[in-house]
Amino acid sequence: MNFQKTLKASLLGVSLAVIAATGASAKNLVYCSEGSPEGFDAALYTAGTTFDASSKPIYNRLVEFKRGTTEVLPGLAESWEVSEDGLEYTFKLRQGVKFHTTSFFTPTRDFNADDVLFTFERQLKKDHPWHEYTAGTAWEYFEGMSMPDLIKEIVKVDDYTVKFVLNRPEAPMIANLAMDFASIVSAEYAAQLEAAGTKDQLNQQPVGTGPFTFVGYQKDAVIRYAANADYWGGKQPVDNLIFAITPDAAVRLQKLKAGECHIMPYPAPADIADIQSDDTLTLMEQQGLNVGYLAYNTKQAPFDKPEVRKALNHAINKQAILDAVFQGSGQAAKNPIPPTMWSYNDAVEDDDYNPELAKEMLEAAGVKDLSMKIWAMPVQRPYNPNARRMAEVIQADYANIGVNVEIVSYEWGEYLSRSKDENRDGAVLLGWTGDNGDPDNFLAVLLGCDGVGGSNRAQWCNEEFDALIMKAKTVTSKEERTKLYEEAQVVFKEQAPWATIAHSVVFMPMSSKVTGYIMDPLGGHWFDGVDIAE
């Protein structure tokens, strides 16, 4: 295959599509995305690739993270008040905010309290007409964070005042509402779709209040957005934003060097030196707020035994993984939260690489001739730049202790969906980048009982662990919360639902013509305020 001809043809297709839709004189910013979104209703998903394409350009939330930080600022809510008992959060909404006008929807009113109620009540109330609006509807984040138990009711005080009434205090409540699942959608647009009998379009043709308006999506190829001329935060410096979906890191880099895209995520670690030496490119980097892991299905024998999981952990040579996969851009992980996060328990001892001990432990557990599957992601993520290679290293490690491994994979959306199945076989490679800077976002979402069948890919429900993290939600003292999370990390390590693999450094290569891009410590990719020199 002629790589250059193939590359030029694919880029020409993207360029022609953009020019046809927006005009040749428009200023276009092209982002070489690593994968395709699962959909465009952010509340249905947990994957960063999907959030980058949906909630970040299209929607706003009541509160927003200040770019480059975990500091919470006003968004669609101008201000908020919290009652002394921590059970009531009252938000004063911003007035004059316009929903997008598109080829498929023209709003007749501004954003108001009805949109806030619709956004959250569809997730909260099982009898809501939009609770199961499309095939496989699951409010994975909302439920994984115990929101159905937390929220007693949402009250419309008036058109521009909304009150959240809670059943218990929730320390990270405001930060939680800045997350992608809390993106505000249009109740008026939903009513239009419901009347037309096309509810599923809410997840395919999105309407928000954000900096960019959705134009169109060619599956697995390109997503097009136009700058929102009526954006309450002001029109963006560029006229159009284009996601050129490019799963292969080498191809993304070729496009970047050719000037056919302006920003790319997740370069191959082996290419970092080459990028640094290219004067036409800028390379940003920061320590990632992430963890990569191998999650056993703790509901399936023999992985239902902690001693078996610990044995398998002792068989993994993490240094070999760091050398082969991360190539200097990662560090071994021992806890389920990154070391840069408050409450990290550095006193926890890791499961050291000890194949002989692993054999002894398996024998003591009565496990012989074990065969299993390891699932390897088909896309690069900040916490795992090459899941197939990582799976191969673990496969060889397990072979050394007599465990036979078959490596399997699926298309990214299918991978995420299938890996939630409580009957899933084997162990799945996945990871997480924090969404709000709070330990709860790792420990409760990924390992709490409410996440089983969803974001808790280990299907692990431990009463002692769950009691600790649930208590930590309700106390306001950071010192007390820290102690509870430290205890929870000890329980996690004893029970070993995961093999914790690595934390990584995140690199962002871009054209030197790009200005205004700010790396997100929470791993997202934001394009409001970004410009490209012509």
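Which residues does valine 291 touch, not counting residues up to four places away in sequence? I looked that up first. Valine 291 touches Ala333, Asn335, Pro336, Tyr383, Gly431, Trp432, Phe442, Trp498, Ala502 and His503. Touching here is contact, meaning heavy atoms within 4.5 Å.

A note on what I'm looking at: this is a predicted model, where local features need pLDDT of at least 70, side-chain atom pairs count only at pLDDT 80 or more, and totals for chains, interfaces and linings use all residues. Residues are numbered from 1 along each chain as its sequence is written, and side-chain values use heavy atoms, with hydrogens and water left out.

I found valine 291 in strand 12, a strand being a DSSP run (E, at least two residues), numbered from the N terminus. Valine 291 has a relative accessible area of 0%, so it counts as buried. Buried means under 20% relative accessible area, with a 1.4 Å probe and protein chains only.

Then I checked the rest of strand 12, residues 290-296, and seven of its seven residues are buried. Asn290, Gly292, Leu294 and Tyr296 point one way, while Val291, Tyr293 and Ala295 point the other way.

Who sits beside strand 12? Strand 16 (residues 427-433) pairs with it in the antiparallel sense over seven bridges; pairing takes at least two DSSP bridges between two strands. Across from tyrosine 293 I found leucine 430 of strand 16. Strand 17 (residues 498-511) also pairs with strand 12 in the antiparallel sense, over four bridges, and there alanine 499 is the bridge partner of leucine 294.

Methods. Buried < 20%, exposed > 50% of the residue type's maximum accessible area, 1.4 Å probe, protein only.
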